[in-house]
Amino acid sequence: MEGKPRPEASSAQALAGMDRLIALSIVGQHDIAQRLGLNVTDLTCLAHIWDFGDEPPTAGDLAEKANLTTGAITGVVNRLERAGYARRQADPADRRRVRIVADASAAARVAVVYQPFYDRLSELFADYSPDEVAVLADWFTRAADVMRLSLEEIRGMDSRTAS
């Protein structure tokens with residue numbers, strides 16, 4: 001499928017559009033998390049748990065992935081357990097270690113809220129050629145790498161530097 005004609009746009013216009021999308025996404029994540037009985041950090045950590053796939057993370061793994069302290073992760077896991085989204089499970093290879101496992105029903109509960117949005121995004125992606133989708137996927141991946149680097153720099157700044 002050929003891509004449809006697209007309006008021309010400058011880098012500045014694309015950046016402004018991205019800023020609007022990010023701002024709206026932040027508000028949306030808060031609303032979605034609230035609808036699921038979580039906060040945004042807990043919802044993000046639940047997604048990270050799924051990212052680990054068949055090898056559930058330890059609290060330390062999750063803390064590193066989420067850029068949180070292990071103390072903060074303890075609170076996150078406590079809240080995820082209370083809400084029925086995850087549970088602690090002894091590591092079968094080392095009973096002293098605990099793994100964080102998503103509850104079997106968690107994905108279905110989250111999908112109820114996310115699926116309409118993902119369906120709309122799928123329709124939007126269908127409006128683009130495979131080559132255009134490949135460019136978008138590449139851009140998202142590379143932009144996430146830029147964001148990680150920028151976050152590391154921001155977190156390493158002296159608080160007086162930012163003022």
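At 5% relative accessibility, D91 counts as buried, where buried means under 20% relative accessible area, exposed over 50%, and partly exposed in between (1.4 Å probe, protein chains only). The model is predicted, so that local features need pLDDT of at least 70 and side-chain atom pairs count only at pLDDT 80 or more, whereas totals for chains, interfaces and linings use all residues. Residues are numbered from 1 along each chain as its sequence is written, and side-chain values use heavy atoms, with hydrogens and water left out.

D91 is located in strand β1, which covers residues 86-91; helices (H or I, at least four residues) and strands (E, at least two) are DSSP runs, numbered from the N terminus. A polar atom of the D91 side chain lies 2.8 Å from the backbone nitrogen of A93. Such a polar contact is a pair of N or O atoms within 3.5 Å; within protein, one must be able to donate a hydrogen and the other to accept it, and residues adjacent in sequence count only if both atoms are side-chain atoms. When neighbours within four places in sequence are set aside, D91 is in contact (heavy atoms within 4.5 Å) with R97, V98 and R99.

Charged pairs were examined next. Side chains of opposite charge can pair when their charged atoms come close. A salt bridge is defined as a side-chain nitrogen of Lys or Arg within 4 Å of a carboxyl oxygen of Asp or Glu, and the whole structure holds 13 of them. One joins D91 to R97, with an N to O distance of 3.6 Å. R97, which is partly exposed at 37% relative accessibility, also forms a salt bridge with D94, the closest N and O atoms being 3.9 Å apart. D94 is buried, with a relative accessible area of 18%. Through shared partners, salt bridges link E55, D61, D91, D94, R96, R97 and R99 into one network. Another salt bridge is formed by the side chains of R88 and E81, at 2.3 Å from N to O. Both R88, at 33% relative accessibility, and E81, at 30%, count as partly exposed.

The protein chain contains six helices and two strands, arranged along the sequence in the pattern α-α-α-α-β-β-α-α. Its C-alpha trace spans about 60 × 45 × 30 Å along the principal axes. Of the 163 residues, 20% count as buried. Among contacts with a separation of 6 or more, 52% are between residues 24 or more positions apart.

In soluble globular proteins, nonpolar side chains tend to be buried together. A nonpolar core is a set of buried Ala, Val, Leu, Ile, Met, Phe, Trp, Tyr and Cys residues joined through side-chain atoms within 4.5 Å. The largest such core has 22 residues, of which L36, L43, I49, L80 and Y85 touch the most other members. At least two residues of this core come from each of α1 (11-35), α2 (40-51), α3 (59-66), α4 (70-82), β2 (94-102) and α5 (106-126). Beyond its neighbours within four places in sequence, L36 is in contact with L43, Y85, R109, V110 and V113.

On the surface, F125, W139 and F140 form a nonpolar patch with about 310 Å² of accessible area together. Patches are made of residues with over 30% relative accessible area and no salt bridge; like charges are joined within 9 Å, and nonpolar side chains (Val, Leu, Ile, Met, Phe, Trp, Tyr) within 5 Å. W139 belongs to helix α6, residues 130-156, and is partly exposed, with a relative accessible area of 43%.

Definitions and conventions. Areas by Shrake-Rupley, 256 points an atom, 1.4 Å probe, with all protein chains shown as cover.
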